[in-house]
Amino acid sequence: MGCGMGKSKLQLKKSIRAALLIQRWYRQYVARLEMRRRCTWNIFQSIEYAGEQDQIKLYNFFGFLMDHFTPASSERNLISHIFRENEICRDTEWERYFCYKDIEVPDSYTGPHLTFPMTFCGVSKLVEAFKHKQLHARYVLQLLGETWRLLRILPNINQVSACHTKEITICGDLHGHLEDLLLIFYKNGLPSSEKPYVFNGDFVDRGKNSLEILLILFGFLLVYPNDVHLNRGNHEDHIVNLRYGFTKEVLGKYRMHGKKILKLLQKIFSWLPLATVIDHKVLIVHGGISDTTDLNTIARVDRHKYVSVLRPPKPTHHAVNGSKTQMMNNRNREAGGLVEGRRRVCSLTYHSSNGLAHQIVDMLWSDPMPQNGCSPNEVRGGGCYWGPDVSEEVLGKHNLQLLIRSHECKQEGYEFCHNRRVLTIFSASNYYEVGSNRGAYIRMGPDLVPHFIQYQASRTSREFTLRQSIGWTERSALRALKEQLFVHKSDLISAFHEFDPNNTGLISLSHWASVTEKVLNLGLPWRVLRPQLVSSTRYGMVDYHQWIRELSITEPKLEISDNSILETMYKNHSNLETIFRIIDTDHSGLISFEEFRQTWKLLSSHLKTEISDKAIADLAQSIDFNKDGSIDINEFMEAFRLVDLSAHS
């Protein structure tokens with residue numbers, strides 16, 4: 001009997017020990033997965049913000065040309081038309097642009113036929129049709145015209161009331177992900193007088209169905225103007241659209257009327273409200289706030305004058321009157337270390353001499369930070385970073401209890417910060433890659449307590465295990481990072497030589513990590529990433545020539561006298577495409593050899609580097625496949641897209 005009891009206790013101890021070992025192993029396993037997930041996230045976000053920063057630097061350069069070069073200068077003439085679009089036209093002139101009556105709908109058209117005024121049934125048919133078909137240009141222009149007329153009578157800050165009979169649904173960034181919007185409607189119901197919605201900006205760019213999202217939201221806005229509320233985001237800006245895909249999308253879908261549609265959307269974007277307030281207690285704004293945010297001032301601004309906040313209108317005494325004049329260079333500098341390691345550029349807000357303009361930039365571009373204070377957002381290049389003390393001050397000043405904002409992708413689709421006084425909501429799932437993040441939306445009743453609904457729009461990502469999901473997104477992030485390393489290979493090798501005076505081709509791992517960060521300025525944990533990026537080392541040394549070759553990136557083989565122009569192009573791929581689309585004033589998708597040369601000269605001025613006319617001519621000749629003296633922009637950019645060989649092996 002006693003012997004049996006002893007064996008049972010021994011067996012119990014072994015079982016407990018085994019359970020503890022399994023628990024310890026599992027915790028370590030989950031911790032390793034979490035570390036990989038965070039590294040992957042840092043890669044995606046760092047590359048995204050570096051692109052935004054490059055964009056801001058390019059438009060700062062354009063602004064410099066407009067302000068300091070003579071009107072007759074060739075550089076200024078190339079870009080002046082995109083800033084002329086910021087000039088205010090009379091409403092009668094815009095009515096002319098909305099003319100659609102001369103556009104006939106052919107009998108062969110099988111898409112939805114819209115009637116106005118819009119009805120719930122009409123918009124519902126539009127939602128269903130967009131799963132397979134495209135709306136005719138006549139109806140697009142008619143819908144945009146009606147939307148513009150409605151937006152003009154809306155206030156800068158919408159006031160919404162939650163009542164006991166219905167909840168308000170709040171959605172964050174959609175970025176052209178139509179499947180996410182359709183999933184939200186499937187799970188939550190279509191907008192109606194009983195199902196009010198707030199959509200918090202960034203409807204367009206990056207995804208492939210931005211225009212369809214806009215037309216659906218505008219349709220519901222026309223049917224339920226008191227129950228559907230649209231805030232402007234930083235991507236509702238025609239200058240931003242040149243870089244991130246919306247301009248290209250519209251011109252590709254509507255070759256004949258695309259230019260007119262884009263022109264009208266510029267005007268519509270400028271009339272979108274800047275914020276929404278629920279029951280005088282919850283502020284909803286796309287980006288955030290700053291230590292100068294004054295909602296009373298924002299409520300009085302002529303928002304339609306800010307066609308692009310990247311190039312705000314020149315300040316007048318009337319426009320600035322009543323706004324705070326404290327500028328970003330007087331802000332609390334104690335938060336200077338929040339983005340240590342990441343590359344920086346002077347923020348748009350920092351250089352603004354118009355107090356009202358920088359308040360609008362802050363609302364569309366800013367991000368929260370854990371430290372107190374307020375400092376320029378030098379990672380994005382626009383807006384600011386604001387701390388919990390600023391949240392308390394601004395919310396307290398306006399008697400608000402919660403700030404809901406979007407603008408940042410979150411892995412779970414939402415995230416609280418600042419003692420739960422600030423809430424980020426992001427509705428585009430799989431934003432960076434399939435499985436990279438969930439989307440989410442908020443339901444809020446009269447108690448003003450947010451309830452979250454999360455989802456994945458991709459069936460593939462829903463079927464992944466945690467390990468499979470992290471592995472998939474990690475591989476995608478590493479491919480993107482390898483491209484960044486490859487296009488900087490000359491700079492990297494040159495920097496490696498400084499630590500290899502005897503030309504052995506070897507450097508230490510610590511030098512490899514420090515040099516890579518110095519060249520790319522992405523603020524990444526390179527030593528942690530080393531096993532995924534460096535396949536082999538010799539006695540703790542990296543053969544950097546072999547490492548560059550092992551990146552497995554291929555590029556087109558062309559007979560060009562100066563190969564440095566290729567590397568310049570790869571480094572500045574997005575900037576080059578942006579300039580191409582600016583110079584392509586008729587939106588034909590084609591540019592002449594002379595326009596091609598002017599593009600490169602403008603880019604070389606921006607980069608402060610010399611590119612010879614011969615190198616430009618060689619490149620133009622090599623890509624003119626049909627020898628007609630013009631270059632197709634899309635074909636050119638696609639031909640010079642880097643390919644990761646490891647992804648195809």
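About 2200 Å³ of space lies in the largest pocket of this predicted model, and 49 residues line that pocket. Residues are numbered from 1 along each chain as its sequence is written. As this is a predicted model, local features need pLDDT of at least 70 and side-chain atom pairs count only at pLDDT 80 or more, while totals for chains, interfaces and linings use all residues; side-chain values use heavy atoms, with hydrogens and water left out.

**Pocket and cavities**

- A pocket here is an open set of points, on a 1 Å grid over the protein atoms alone, with protein on both sides within 12 Å along at least five of seven lines; a cavity is a set of points where a 1.4 Å probe fits but cannot get out, and lining residues have an atom within 4 Å of a point.
- Grid points are joined across faces, edges and corners, and a volume is the space filled by probe spheres set on the points.
- Closest to the centre of the largest pocket are I47, R243, E483, Q484 and S574.
- Two or more lining residues come from each of α1, α8 (238–244), α17 (466–487), α19 (509–520), α22 (564–571), α23 (573–583) and α24 (593–607), and α1 gives the most, with 8 residues.
- Helices (H or I, at least four residues) and strands (E, at least two) are DSSP runs, numbered from the N terminus.
- Searching the whole structure for cavities of 30 Å³ or more turns up 3, and the largest cavity holds about 50 Å³ of space.
- The largest cavity is lined by 13 residues, of which E48, E52, H175, D202 and H407 are the closest to its centre.

**Salt bridges**

- The whole structure has 26 salt bridges, each being a side-chain nitrogen of Lys or Arg within 4 Å of a carboxyl oxygen of Asp or Glu.
- R206 forms a salt bridge with E48, with the closest N and O atoms 3.5 Å apart; R206 sits in the loop between β3 (197–199) and α7 (210–223) and E48 in helix α1, so this pair ties together parts that are 158 residues apart in sequence.
- R206 also forms a salt bridge with E52, where the closest N and O atoms are 3.7 Å apart; E52 is in helix α1 too, so this pair ties together parts that are 154 residues apart in sequence.
- Buried means under 20% relative accessible area, exposed over 50%, and partly exposed in between (1.4 Å probe, protein chains only).
- R206 is partly exposed at 33% relative accessibility, whereas E48 is buried at 12% and E52 is buried at 2%.
- E412 forms a salt bridge with R438, the closest N and O atoms being 3.7 Å apart; E412 is in the loop between β10 (402–405) and β11 (414–417) and R438 in the loop between β12 and β13, 26 residues apart.
- E412 is partly exposed at 36% relative accessibility, and R438 is partly exposed with a relative accessible area of 36%.
- Through shared partners, salt bridges join E48, E52, R206, D367, R380, R405, E408, K410 and E415 into one network.

**Backbone details**

- Most residues other than glycine have a negative phi, and most peptide bonds are trans.
- The peptide bond from F116 to P117 is cis, with omega near 0°, and P117 lies in the loop between α3 (91–97) and α4 (120–129).
- P112 lies in the loop between α3 and α4 and is buried, with a relative accessible area of 12%.
- N430 has a positive phi, near 55°; N430 sits in the loop between β12 (422–425) and β13 (439–444) and is buried at 12% relative accessible area.
- L448 has a positive phi, near 60°; L448 lies in the loop between β13 and β14 (450–455) and is buried at 9% relative accessible area.

**Annotated spans**

- An unreviewed UniProt entry lists "domain: EF-hand" for residues 487–522, 571–606 and 611–646; UniProt positions are given in the numbering used here, feature names are shortened, and annotations may be inferred rather than shown by experiment.
- Residues 487–522 are 61% helix and 8% strand, with the end C-alpha atoms 14 Å apart.
- Residues 571–606 are 72% helix and 8% strand, with the end C-alpha atoms 13 Å apart.
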